[in-house]
Amino acid sequence: MSANANGFNKKILMQACREALFKLNPKVQVRNPVMFIVLIGSWLTTGFVFRDLFQGSAGNTSFTLQITVWLWFTVLFANFAEAIAEGRGKAQAQALRQTRTQTQAKKIIHDKPQVVEAASLRKGDIVLVEPGDIIPSDGEVIEGMATVDESAVTGESAPVIRESGGDKSSVTGGTRVLSDWIKVAVTANPGETFLDRMISLVEGAKRQKTPNEIALTILLVGLTIVFLAAVATLYPYASYSGINLSITVLIALLVCLIPTTIGGLLSAIGIAGMDRLLKRNVLAMSGRAVEAAGDVDVLLLDKTGTITLGNRMATEFIPAAGVSMEALADAAQMASLADETPEGRSIVVLAKQKYNLRERDLTNLEAEFIPFSAHTRMSGVNLKDKVIRKGSVDAIQKYVREKGSELPENVKFACEGIAKSGGTPLVVAEGSRVLGAIHLKDVIKGGIKERFKELRQMGIKTVMITGDNPLTAAAIAAEAGVDDFMAEATPEGKLALIREYQDKGMLVAMTGDGTNDAPALAQADVGVAMNSGTQAAKEAGNMVDLDSNPTKLIEIVEIGKQLLMTRGSLTTFSIANDVAKYFAIIPALFSVAYPAFGVFNIMRLSTPESAILSAVIFNALIIIGLVPLALHGVMYQPLGADIILRRNLIIYGLGGLAAPFLGIKLIDVLLVIFHLV
């Protein structure tokens with residue numbers, strides 16, 4: 001993704017200023033009840049200004065005018081906060097829009113490619129994409145294999161392989177084929193492609209309030225109603241006490257007491273949370289998914305690629321009794337010559353480095369290579385005079401048993417040792433004779449154990465998911481520091497595990513890329529699909545990682561927690577602000593009629609008018625002052641919930657109480673110095 005919109009540039013700021021004015025439309029403001037009350041108050045005081053001008057009340061007009069100006073600023077600053085958050089998203093959307101080109105497609109019609117406009121393609125159409133061609137739409141590779149440049153979508157310059165079958169078959173419209181060719185079955189109609197959805201979500205066109213936002217909005221509306229009732233009772237009470245309270249003063253008092261700070265920043269906080277995810281090349285399908293990530297209790301993490309580097313490497317040959325090391329290495333290398341997996345290549349390299357076994361003339365050997373099969377869990381080679389097989393312990397044991405033989409005891413013992421150490425044992429057999437074992441070692445990612453420790457401190461349980469046998473899984477789990485593991489995992493097993501945790505009231509997050517992961521991704525509260533995965537997986541998840549990096553699930557959880565922490569912190573600050581402003585205004589208003597109230601005039605504000613105007617000015621300025629915090633988020637630290645709560649109550653609770661005392665007093669001094677009251 002382009003980073004052009006990462007900060008506050010002049011273009012975004014100017015656009016946000018214009019949008020802030022457009023958002024004064026009551027139809028827009030009514031979606032934010034707190035700020036809608038402020039808007040109504042602004043219109044009323046504006047009317048009072050014109051009334052006073054016509055009546056010639058110069059003294060009242062100056063005060064009312066200043067109150068009115070700062071009430072309008074309060075609304076505009078809240079609009080500006082939302083507009084600047086949206087503006088950064090729109091800038092990213094524009095960068096995405098520039099990656100779309102009007103391209104042509106080679107549609108397969110009656111088994112022959114015909115050039116058509118890409119916009120005419122529909123779901124189910126088949127297209128041929130050759131070197132240099134832009135992939136015209138989202139789809140699944142149904143034939144062929146090609147190298148694809150996905151930098152237009154992901155920002156990563158390294159090309160990726162896309163091929164039919166398996167979990168690397170999904171392609172995205174707007175990416176370019178660099179070599180070879182593929183046939184693609186279109187999976188999206190125009191306007192429904194992955195890029196179209198990205199642009200729509202980034203721009204906020206489909207952004208809806210999340211359940212937490214709705215709940216908080218209801219709370220803010222409730223507080224507003226309470227303060228509205230409280231302010232309404234002040235008018236008869238003041239009249240009885242002989243104090244002349246104008247409607248302008250009551251409106252100013254109401255605006256200062258209702259939670260305008262969080263009311264003005266709430267939308268910006270939610271938009272900024274999705275924006276932070278997008279900067280990390282993660283597309284959240286809804287704000288609800290981001291919030292759920294912050295509340296996650298359990299992380300299901302695939303071992304390969306997330307906890308380990310993903311490529312198991314051959315590190316040792318262990319021969320059976322009576323078999324030489326060279327004979328085992330030679331047979332293992334022969335069985336792996338046609339194996340293009342990292343594990344297979346590492347076996348060839350190990351035999352070459354340790355025993356100087358070089359390439360041989362496969363034509364004279366009349367070699368027939370047997371590819372790996374998920375059914376047999378073996379691969380190998382058939383030669384003129386012998387048959388060699390390489391595979392898992394269980395598969396080779398079954399293979400030799402059918403030929404009337406058994407695994408030697410020392411090989412069994414070696415395989416158990418490899419598994420207990422966290423490695424993966426492979427066994428090599430020539431005919432019915434077992435030659436020995438190969439030690440494949442998983443390499444744990446650097447720093448992953450510390451990350452899991454941080455998650456544990458946050459109260460999040462980590463569960464490793466692997467297809468390995470229980471012994472190997474237990475060893476790797478212990479080395480990586482995860483809380484639990486699931487060995488020999490199946491799609492059904494993953495789904496059952498997620499439901500088991502959810503039945504206990506826990507929220508679960510997981511990653512996946514294959515069609516067989518789709519049910520579990522759909523069931524998980526946070527399902528992060530890899531962009532390189534199948535269309536079914538991407539449709540089932542509620543997030544898509546454009547970089548296809550399973551480790552990023554941990555970052556997603558951290559961003560979700562940061563969003564919730566930011567919202568909670570600013571809500572605490574806003575309510576604490578209201579309490580402090582209460583102590584600023586009420587004593588100043590009533591201390592004349594009731595001298596005893598002077599005890600509560602802690603700030604020693606000059607006059608009642610100065611107290612009210614200072615509070616209104618502070619109320620507006622604090623919104624614009626907190627915009628950077630709302631957009632960038634409260635600093636995240638991997639600590640327990642109770643520690644974070646205590647810290648935030650001290651910083652934002654006490655800070656929210658102290659800031660108005662200092663700010664309002666300073667403004668009061670300045671108003672007196674410049675004779676504005």
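Q: Two strands count as a pair if DSSP finds at least two bridges between them. With that in mind, what order do the strands of the open sheet with mixed pairing take?

A: In this predicted model, the 7 strands are ordered E8-E20-E19-E18-E9-E16-E17, and their pairing is mixed.

Q: What makes strand E8 (282-284) and strand E17 (484-486) edge strands?

A: Each of E8 and E17 has a single partner strand, so one side of each lacks a neighbour in the sheet.

Q: What is the strand order of the open sheet with antiparallel pairing?

A: This open sheet has 6 strands in the order E10-E15-E14-E13-E12-E11, with antiparallel pairing. The twist averages 20 degrees from one strand to the next.

Q: Why is strand E14 (residues 424-430) described as largely enclosed?

A: Buried means under 20% relative accessible area. Of the 7 residues of E14, 6 are buried, so the rest of the structure largely encloses this strand.

Q: How many bridges does E14 form with strand E13 (residues 387-391), and how many with strand E15 (residues 433-441)?

A: E13 and E14 share 4 bridges and run antiparallel, with Arg389 opposite Ala429 in E14. E14 and E15 pair over 7 bridges, also antiparallel, and Leu426 has Ile438 in E15 as its bridge partner. With at least two bridges as the threshold, both counts qualify as pairs. The hairpin of E14 and E15 has 2 residues between the strands, and Gly431 there takes a positive phi near 65 degrees.

Q: Which helices pack on the sheet that holds E13, E14 and E15?

A: Helix H12 (residues 342-355) lies across E10, E13, E14 and E15, at about 60 degrees to E10. Helix H14 (residues 393-402) touches strand E12 (378-382), E13, E14 and E15, and its direction makes about 150 degrees with that of E13.

Q: How do you know that the span of helix H7 (residues 211-241) is close to the expected one?

A: The 31 residues of H7 reach 45 Å from first C-alpha to last, against 45 Å expected at 1.5 Å a residue. Its buried residues include Glu213, Leu216, Leu220 and Val231, and the buried residues of H7 pack against helices including H3 (33-55), H8 (247-257) and H21. Gly242 follows H7 with a positive phi near 80 degrees.

Q: What are the angle and the axis distance for helix H21 (residues 552-590) and helix H23 (residues 641-673)?

A: H21 and H23 pack at about 35 degrees with axes 8 Å apart, and their crossing is right-handed. Residues meeting there include Phe573, Ala576 and Phe583 in H21, and Tyr652, Gly656 and Phe661 in H23. The contact comprises 15 nonpolar, 7 polar and 1 charged residues.

Note on methods:
Residues are numbered from 1 along each chain as its sequence is written. This is a predicted model: local features need pLDDT of at least 70, side-chain atom pairs count only at pLDDT 80 or more; totals for chains, interfaces and linings use all residues. Side-chain values use heavy atoms; hydrogens and water are left out. Axes are lines fitted to C-alpha atoms, for helices over the stretch in contact, and angles run from 0 to 180 degrees between N-to-C directions. A crossing is left-handed if the near helix is turned anticlockwise from the far one by less than a right angle, and right-handed if clockwise. Contact means heavy atoms within 4.5 Å. Ala, Val, Leu, Ile, Met, Phe, Trp, Tyr, Cys and Pro count as nonpolar, Asp, Glu, Lys and Arg as charged, and the others, Gly among them, as polar. Buried means under 20% relative accessible area, exposed over 50%, partly exposed in between (1.4 Å probe, protein chains only). The expected span of a helix is 1.5 Å times one less than its number of residues.
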